[in-house]
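Please examine the structure shown below. The paragraphs that follow lead through it step by step.

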There are 2 protein chains.
Amino acid sequence: MNTLKERILRDGHVLQGDILRVDSFLNHQIDVGLLREIGAEFSRRFFKRDITKILTVEASGIGVACITSQFFHCVPVVFAKKSQTANLSPDIYSAPVDSFTHKKTFDIRVSREYLKPSDRVLIIDDFLAVGSAVRGLISLCKAAGAQCEGVGIVIEKGWQGGGDKLRSEGYDVQSLAVIDSMNNGKIVFRDN
Amino acid sequence: MNTLKERILRDGHVLQGDILRVDSFLNHQIDVGLLREIGAEFSRRFFKRDITKILTVEASGIGVACITSQFFHCVPVVFAKKSQTANLSPDIYSAPVDSFTHKKTFDIRVSREYLKPSDRVLIIDDFLAVGSAVRGLISLCKAAGAQCEGVGIVIEKGWQGGGDKLRSEGYDVQSLAVIDSMNNGKIVFRDN
C-alpha cells in the first residue's frame, strides 16, 4: 500500500534496538484519514471471507480494528484485554503474549461470550514482528473453536520472521507494508 | 441519546460495587454501528467548536475517538498512554489518574509533539464517574497550553458527581447517557 509506505518513509523514525517509531500517525497520534485507507485495503483483501468478527488486542489495534469494521458491514470488534478488570466477565479464554515494546510477557484474555465456534475471524493489529500477539489471538480463536480467516497487519517487520512463519503454517497474513531491513536507519520495503 | 439508553437497558448488567457491565457493545466487544451513531451525536453537539484534535486515553476510549473523528473532518486522535513504552518519545506531559476498574493510580502520558497551544481539543471517553481520567486529560491540555473545548462521554454515572463538578467549573461536558441511580439493579437515567 503505497500511501502507507510513503508515510512511513516521511514520518517514521528508526531508533536503536530495531524500533520503528510511527507514533505521529499510527500508535499514539492517529491519522484517521489514513486509517480509513487502511480499512478499505483490508476490505479489498479479505471481504470475500465472510468475516463475522474482527479480533484485536489493546491498545493500538483498537482504532485500526474499529475503522476497518466499517468496511465489513460493521461486524463487531472484540479487543483482547491485557489485564483482568472489574468490568470483565471472569469466564474467559486467555493466552500468553511477549510484548516487544513493553519488554515483558502477559496474558491476553477474551470473554467466552464474544468468540463462538460460528465466528469467522479477521485478526487485525498495527505491528507484526516475531508474531507473539498474533499467535496469542490465534490461540484465543482455537480455544473458542472459531475460524481464523485471515490476519491483517499494518506494518510487518519482515526480517524478524514472524509473518513468514505464520504464512508457512497456512495463515493468510496480509501486511500493508513489509519492511525487510532498517539497517543504518534506512527503511527497505519488500517488493521494492 | 435514546438508541444508547435502550441498548444499556437491554444489554447492560449491573454488578455489585456500582459496576455497570456494557462489555457486549462498548468496552470489550464493540458495536461499531452504535459507535457511528455516537460519533454523529458528538458531532451535533461539538461541531461548532472548530475541534482540531480529539484526546482520549487507552484503551476503551480509542474506538469511540477514532469513529468520532470521522464526523470532525478526520482530525487527529491522540490517545494518552498508561505506561512508558520503548516506542514513545521520552519528551512527555503526564498526569496521575485513579482507575475505577483497575483499582489503582497510574500516570497517563502524551508526547509533547502531539498537543500544542494552537489545539482546540475535544476530550472523549467511554465512561465518566468521579472524573479522574477526564481531569487527567484536562491537565495534559493545560500543560500543553491547549484549549479544552469540550468533553464527550458515552456513559456518565451521574450519582458519582464527577460530571456535575466539571460542569460547575465551566467545562462543557456532554454525556450521551447519564445514569442517576442503579439501586437494586434498576438503571434510572437523568431526564427520564
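This is a predicted model. Helix 4 of chain A covers residues 132–144, which makes 13 residues. From its first C-alpha to its last, this helix reaches 19 Å, close to the 18 Å expected at 1.5 Å a residue. Just after helix 4 of chain A comes Gly145(A), which takes a positive phi of about 75°.

The next topic is the relation between the chains. Two copies of a chain are related by a rotation about an axis and a shift along it. Here, chain A is superposed on chain B by a rotation of 180° with 0.0 Å of shift along the axis, and the RMSD is 0.0 Å. The two copies are thus related as by a two-fold rotation axis. The same surface serves both copies, since 100% of the contact residues of chain A recur in chain B.

One meeting of the two chains can be followed in detail. Two packed helices are described by the angle between their axes and the distance between the axes. Helix 3 of chain A and helix 3 of chain B, each comprising residues 61–69, have axes that come within 8 Å and cross at roughly 45°. On the side of chain A, the contact is made by Ile62(A), Gly63(A), Cys66(A) and Ile67(A) of helix 3; on the side of chain B, Ile62(B), Gly63(B), Cys66(B) and Ile67(B) of helix 3 take part.

Note on methods:
Residues are numbered from 1 along each chain as its sequence is written. Chains are lettered from A and ligands numbered from 1 in the order in which they are written. This is a predicted model: local features need pLDDT of at least 70, side-chain atom pairs count only at pLDDT 80 or more; totals for chains, interfaces and linings use all residues. Side-chain values use heavy atoms; hydrogens and water are left out. Helices (H or I, at least four residues) and strands (E, at least two) are DSSP runs, numbered from the N terminus. The expected span of a helix is 1.5 Å times one less than its number of residues. Copies are superposed by least squares on the C-alpha atoms of residues with pLDDT of at least 70 in both. Contact means heavy atoms within 4.5 Å. Axes are lines fitted to C-alpha atoms, for helices over the stretch in contact, and angles run from 0 to 180 degrees between N-to-C directions.
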